[in-house]
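Thanks for making time this morning.

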Amino acid sequence: MKHVIVVGAGIVGLSVSKTLLDKGYRVTLLDESQPGSGTSSGNAGLIANYATTPLSNPDSLRSMFKEIIRSKRALSIAPHYLPELTSFGRAFLHAIGKGPFTENKRTLVELVARGTLLQQQLLKSLGSDEVYQTRGCLQVYRQAAAMGPQLAKLAAAKQRDGVQCEALDREALLKLEPGLNPQGLEGGLWYPDTWSLRHPRQLCTQLHEQLLEQGLDYHPLSVDTLRQSGDKVLVRAGEQELVADAVVLCAGMGNQQLLAPLGVKLPVVSERGYHLMLDDPDLVLNRPVGWLAHYFYATPMDNGIRIAGTTQFAQPAASEAKDRYRHMQEWASTLFGRPVSVASRWMGVRHSTPDSLPVIGPLPDNKRVILAFGHGHLGMTLAAVTGQLVADCLAGRQPDELATALSPARFL
């Protein structure tokens, strides 16, 4: 039985651990924080089957330039973080070229289709439907009359990607979500097959408990260093030095610190997201509703409606952008057509790549060190398929086109 150390107990690390345990590996999971307590707990809770277009595209670049000059920004870049974005920016500009974008989109369509199916199977395997819901999701357009004629084209484009999608007018939207503000509502897109989470943290907790019963060896330790020694990997965690046949790094931005002594620096950057939990039991929302003009989703969860999203490129440990919370509260009030109150606020760190594809696979010069991060907005969607791809690496299977497209070698 091979012994594998997994570093990072977010949804990706937990899913990798599950896949490996299912295949008979001995698995040790290391994370100083409680499983699922980081970004995996604070996201919008969507299994985003509709996310088939890379964010690295010319339209996103134009939107970014418009957004960063607004007074109330949903996307911002901290000036002190600009030096860290240099290599990311160069790779982003390459990725939006016609050829690279076409290839990246093809990869993402396949990855999301495969990932959605496996993630749904993972949710079902918990034996309870209390952590997820299957009511689809909406994306709405407000104060954008010119979008009306474009909705059918947008829906058709998603259908060509294999995603069930329907263009809806204002009246149809309000039939599905009568709690939305009708003033300024133009129309939207309806994704009937989208699943979402009632409680992301509870999902991670239940999965972790299941893995412990299955034989997972879990230690609440921070990893300090790792190195390959012959056919083994040595991992220093606290006062312990652990020996394994391979290590899988699922620690998000923490991976960069572990990789630096190995001479590896990848263009994966800190893209911080925010959320508000609304304190208003009278608000009615049946399914997630995205207002993409402000980069957020409103998702009904067990403990209330969560307003989650936006983007801030900044150091992981930088101070929160307090005005972001205020703006999100104002946008939520507009979405529902009434003032909303806030029960709690949260900020977390996504780890994002310039081509919108995660980094999954072994280091070219350290084959026993496997990376699994850079999922950006799609960690909850792609966690299970990441586990499958990692298992393929460990089994020594010949990489297919998908595995090659996600390999860290593309940045090295």
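Let me start with a convention: a crossing is called left-handed if the near helix is turned anticlockwise from the far one by less than a right angle, and right-handed if clockwise. What you see is a predicted model, in which local features need pLDDT of at least 70 and side-chain atom pairs count only at pLDDT 80 or more, while totals for chains, interfaces and linings use all residues. Residues are numbered from 1 along each chain as its sequence is written, and side-chain values use heavy atoms, with hydrogens and water left out.

With that convention, α1 and α8 make a left-handed crossing. Their axes, which are lines fitted to C-alpha atoms over the stretch in contact, with angles from 0 to 180 degrees between N-to-C directions, come within 10 Å and cross at roughly 30°. The two helices, which are DSSP runs of H or I with at least four residues, numbered from the N terminus, are therefore roughly parallel, a label for angles under 35 degrees, with over 145 being roughly antiparallel, 65 to 115 roughly perpendicular and the rest oblique. Contact means heavy atoms within 4.5 Å, and here Ile11, Leu14 and Lys18 are among the α1 residues that meet α8, whose side includes Leu203, His208 and Gln214.

Now, how does α1 pass α11? That crossing is right-handed, with an angle of about 40° and axes 8 Å apart, and the pair is therefore oblique. The α1 side includes Ile11, Val12 and Leu20, and the α11 side includes Met380, Ala384 and Leu394. By class, this contact has 10 nonpolar, six polar and no charged residues, where Ala, Val, Leu, Ile, Met, Phe, Trp, Tyr, Cys and Pro count as nonpolar, Asp, Glu, Lys and Arg as charged, and the others, Gly among them, as polar.

Helix α11 also packs against α5, residues 98-125, at about 95° with axes 7 Å apart, which makes α5 roughly perpendicular to α11.

Finally, the domains: the assignment, automatic or from a database, gives domain 1 as 3-41 + 201-267 + 356-411 and domain 2 as 52-83 + 128-197 + 268-352. Their C-alpha centres lie 29 Å apart, and 19 residues of domain 1 are in contact with 20 residues of domain 2. Together they bury about 1600 Å², 61% of it on carbon and sulfur atoms, buried area being the accessible area (1.4 Å probe) that two parts lose on being put together, summed over both.
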